[in-house]
Amino acid sequence: MAKSIEEINEKIKKGKAVVLTAEEIIDFAAERGVKKASQEVDVVTTGTFGPMCSSGAYFNVGHSKPRIKLGGGKTYLNDVPVYTGLAAVDFFLGATAMPEDDPRNKIYPGKFSYGGAHVIEELIAGKDVRLTATAYGTDCYPRKTLETFISLKDMNEAILFNMRNAYQNYNVAVNLSDRVIYTYMGVLQPKMGNANYCSAGQLSPLLNDPYYKTIGIGTRIFLGGGIGYVVGNGTQHNPNVARTEKGVPKMPAGTLAVKGDLKLMTPKWLRGTSFTGYGVTLTVGIGIPIPILDEEILRYTLVKDEEIWAQVVDYSESYPQCVPGSLGEVNYKQLKSGKITVQGKEIPTSGLSSYLKAREIATILKEWIEAGKFFLTQPVELLPSVDSGIVFKPLKERPIKKR
Amino acid sequence: MQKKRVVFNYPPHVVEQPVISKLVKEFDLTVNILRARISPKEEGRLVLEITGKRQALEAGIHYIRELGVEIQSLAQDVKWHEDRCTHCTACISACPPRALDVNRQTMEVSFNRDKCIACEACIPVCPYQAMEILF
Ligand code: SF4
Ligand code: SF4
């Protein structure tokens, strides 16, 4: 018998909903049987806590007296430039932005110790940051410079808006060259000296709903320790990749765009992150509840680490040069054991996404639902799936002829 | 037999003296140099692993102190900021002596000071600035 979201919410209200994490449901269903489990369980919670570069936040800081039009000039938060091509006092801070005088990779490998993501972490920690701006001045916005401290509580709105998060599966990165390379997948030792992976595997949101049958626009989620919403598919959302028999993508596939009120978030679940030689990024905590509407949906949540396969990709040549090809396939059980074998070579593995924290997020979300503090939403529209005809395109360059 | 991991801070006048060979010859100690750095002002800093009989070890260290060398145990110099650590495990394959290690059941990361050799390999690898070495 199928359940509806309303019925599940009714049970949550009465404190009677049965909620398990994506890890707990595996053993539970093995004991009870899939059919019984699908009737007994109402919600399965997922979680992930990893670096997600396409993140950022927009702010409205209120009008100064006299007024200033930030657009067209330059604005900074703690020396990190923000995007002001909007109305007078709205702006967007990107997670990967960094101060203009950061040496980048001039001293190789660069440290990238402070950037947009760190500003976001400091703001939600309640700290004051420096808002500095220069503007060109107009009749209605005459002011030309601004220098002030500001904190999150002073702002009208502070909204986290991430255009690509929670990748459904990811590559395993290795380095075939004979020098150390510094990548967004971490420091990679020469001649396949190590392998880095980045997914919460069996706890990861989109790996528990591989065809996006429950997650869509308007899905309420755990975001950065507060509450957020899925606002659509993320950029590069690519449902049409090779999948296992059970539908689990074997390479990076679906993605999410999410938003939420920064004022509700905590620095524990949104962390400024520095990849040596690469840059700054934001590590985001996301947890998504999956309503167990029927047996099929429950079955998807039973996915185990050993059933999730990822491609081993060379980041010294293949990735930067866009040469397709995989050095082999490994699963997350192998990756989490600490070593994998690729082309006959045993390689130590390390994660970039924290499984411990992913479990903590799934558990917090479970507790919120059990306590009647978090209700599920019916998505307005589901995410584009394998029948969408989406094709992930590379950039086709068309040279601009000089006149 | 006892083993001790220590950091020696040499003032300039000691840098010239054959301190290590004396430890080996007169105190019958095995000295393994883990790291060495001499600053432009000619101050030296050595990270050593010293092995020997307990009494000899104590006597050797006493002798070095008398020369004006400041001695610290290594652990004080390497800090794992547990509150900053996300347990991502990025450092695990980078740490040669497995001072940073993970419980594969829970995926929880821990730091064992006694195993650390202050090699700094974890510093560029940790994306959360959770490892700090004051050296
Ligand atoms: S300094 Fe070296 S030995 Fe110590 S924790 Fe870091 S990588 Fe491990
Ligand atoms: S790399 Fe840093 S944050 Fe990750 S487990 Fe190691 S010490 Fe903790």
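**Figure 1. The end of helix 2 in chain A and its buried residues.** Helix 2 of chain A gives way to A:G33, a residue whose phi is positive, near 95°, in what is a predicted model throughout. The helix itself spans residues 24-32, and within this stretch A:I25, A:I26, A:F28 and A:A29 are buried.

**Figure 2. Overall layout of chain B.** Three helices and eight strands make up the secondary structure of chain B, and read from the N terminus these elements follow the order β-α-α-β-β-α-β-β-β-β-β. Taken along the principal axes, the box filled by the C-alpha atoms of chain B is roughly 50 × 35 × 20 Å. Chain B has 135 residues, of which 43% count as buried, and among its contacts between residues at least 6 apart in sequence, 64% join residues at least 24 apart.

Figure 3. B:F8 sits in strand 1 of chain B, which covers residues 2-10. Because its relative accessible area is 0%, and the limit for burial is under 20%, B:F8 counts as buried. Beyond its neighbours within four places in sequence, B:F8 is in contact with B:L23, B:G44, B:R45, B:L46, B:L48, B:I50, B:I64, B:V69, B:E70 and B:I71. Between B:F8 and B:L134 the separation is 126 residues in sequence, whereas their C-alpha atoms are 13 Å apart in space.

**Figure 4. The shell around ligand 1.** The residues surrounding ligand 1 come from chain B and include the cysteines B:C95, B:C116, B:C119 and B:C122. Also in this shell are B:P97, B:L100, B:F111, B:I117, B:A118, B:E120, B:A121 and B:I133. Sorted by class, the shell around ligand 1 holds 11 nonpolar residues and one charged residue, with no polar ones.

**Figure 5. The shell around ligand 2.** Ligand 2 has 13 residues around it, and those that come nearest are B:C85, B:T86, B:C88, B:C91 and B:C126. The shell around ligand 2 divides into 10 nonpolar and three polar residues, and no charged residue is found in it.

Conventions. Residues are numbered from 1 along each chain as its sequence is written. Chains are lettered from A and ligands numbered from 1 in the order in which they are written. This is a predicted model: local features need pLDDT of at least 70, side-chain atom pairs count only at pLDDT 80 or more; totals for chains, interfaces and linings use all residues. Side-chain values use heavy atoms; hydrogens and water are left out. Helices (H or I, at least four residues) and strands (E, at least two) are DSSP runs, numbered from the N terminus. Buried means under 20% relative accessible area, exposed over 50%, partly exposed in between (1.4 Å probe, protein chains only). Contact means heavy atoms within 4.5 Å. A residue is near a molecule or strand if one of its heavy atoms lies within 4 Å of it. Ala, Val, Leu, Ile, Met, Phe, Trp, Tyr, Cys and Pro count as nonpolar, Asp, Glu, Lys and Arg as charged, and the others, Gly among them, as polar.
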